[in-house]
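Keep the viewer open and follow along.

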Amino acid sequence: MINKNSNYINDIFNNVSYKYDFFNNLFSLGLHFLWKRKLISLLKPKNGEVWADLCCGTGDMTFLLNELVTPSGKVFGIDISEKLLKIAQRKSNNLGNTVIYWKKKDIFDLDPNLRKFDGICMSYGLRNLKNVEDGIQKVFFLLKDNGRAGFLDFNHSKENSLSSIFQKLFLRFVVVPISSFFNLKKEYSYIENSIKEFPKGAKLICLAKKIGFKEVKYKTLFGEQMGILLLKK
Ligand SMILES: C[S@@+](CC[C@H](N)C(=O)[O-])C[C@H]1O[C@@H](n2cnc3c(N)ncnc32)[C@H](O)[C@@H]1O
């Protein structure tokens with residue numbers, strides 16, 4: 001089991017912060033933007049709604065939400081990593097943006113009785129939480145009735161399938177060696193272990209139904225490398 005206490009996770013993301021966007025673009029060849037756009041297109045945020053991007057990192061999803069809920073709505077970008085949030089804020093200032101509220105916070109410390117969001121998204125965040133079920137539960141509490149949520153993360157393809165072999169080889173023989181040049185071996189080795197412990201799509205569906213979401217769907221993307229969990233409260 002990986003130690004996923006808040007300090008450990010915070011250290012990992014603060015350490016990688018200065019190369020975070022660079023490596024995301026490099027290792028996905030820019031495709032992560034397409035997957036994030038796909039999630040947003042499925043969630044259909046509308047002008048006037050209030051949305052949160054939980055575990056927002058440097059804010060890719062937050063900015064996409066901002067484009068759609070403005071001018072009347074609001075977006076909250078929430079993350080525990082001070083350094084990633086600083087990068088997000090810098091980008092936001094450069095855009096001259098005013099509707100994004102950046103908050104440095106552990107999502108588990110958000111008031112569960114807020115019930116204020118029309119929608120919540122999380123890209124590559126759920127896998128990094130200390131408890132996945134508690135994370136989905138938290139999202140349930142934070143949403144208004146009929147609110148929708150979407151989570152994008154790595155998918156487990158069938159064991160020994162080409163897709164699953166590709167994922168392992170790519171992480172071990174491309175991601176880890178390249179990140180080692182920047183002294184980030186420990187941080188990027190963490191990805192493979194975190195995927196191992198992350199529930200499969202079918203399990204995520206069960207957890208969401210148990211928590212009480214009335215609509216639950218799971219889709220895969222990019223040869224089953226990525227998965228999207230879509231929920232309606
Ligand atoms: C892999 S990054 C994803 C960032 C961004 N959403 C993206 O798609 O590029 C995971 C993020 O989750 C954040 N995180 C992990 N646990 C958290 C928690 N309990 N509360 C808030 N943020 C958390 C980390 O700080 C990190 O920014």
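**A guided walk through the model**

With 11 C-beta neighbours inside 10 Å, Lys44 counts as exposed; the label applies when 12 or fewer other C-beta atoms lie within 10 Å of a residue's own, while 20 or more make it buried and anything in between partly exposed, with C-beta atoms placed from the backbone. Before going on, please note that this is a predicted model, in which local features need pLDDT of at least 70 and side-chain atom pairs count only at pLDDT 80 or more, whereas totals for chains, interfaces and linings use all residues. Residues are numbered from 1 along each chain as its sequence is written.

Back to Lys44: this residue is found in the loop between α3 (31–43) and β1, where helices (H or I, at least four residues) and strands (E, at least two) are DSSP runs numbered from the N terminus. Lys44 has a positive phi of about 50° although it is not a glycine. Asn146 is another residue other than glycine with a positive phi, here near 70°. Asn146 sits in strand β5 and is exposed, because 10 other C-beta atoms lie within 10 Å. For one more backbone detail, look at the cis peptide bond that joins Thr70 and Pro71, with omega about 10°. Pro71 belongs to the loop between α4 and β2 (74–79).

Now turn to strand β4, residues 117–123, where seven of the seven residues are buried. What does β4 pair with? Strand β1 (residues 50–54) runs parallel to β4 and is joined to it by three bridges; pairing requires that DSSP finds at least two bridges between the strands. Together with helix α6 (residues 132–142), β4 and β5 make a right-handed β-α-β unit: with the strands pointing away from you, the path from the first strand over the helix to the second runs clockwise.

Of its 52 residues, Ala52, Leu54 and Ile120 touch the most other members. The largest share of this core, five residues, comes from α4. Leaving aside neighbours within four places in sequence, Leu54 is in contact (C-beta atoms, placed from the backbone, within 7 Å) with Ile78, Ile107, Ile120, Met122 and Gly125.

Which residues are closest to the ligand? Among the 21 that surround it, the closest are Cys55, Gly57, Ile80, Ser81 and Ser123; to be near, a residue needs its C-beta atom, placed from the backbone, within 6 Å. By class, this shell has 11 nonpolar, seven polar and three charged residues. Nonpolar here covers Ala, Val, Leu, Ile, Met, Phe, Trp, Tyr, Cys and Pro, charged covers Asp, Glu, Lys and Arg, and the others, Gly among them, are polar. Helices α1 (6–16) and α4 (60–69) each supply at least two residues of the shell, and α1 gives the most, with three.

Let's finish in α1, the place of Asn10. Asn10 is partly exposed, because 17 other C-beta atoms lie within 10 Å. Leaving aside neighbours within four places in sequence, Asn10 is in contact with Ile80 and Ser81.

How values were computed: Core = buried A, V, L, I, M, F, W, Y, C linked by C-beta atoms within 7 Å. Contact = placed C-beta atoms within 7 Å.
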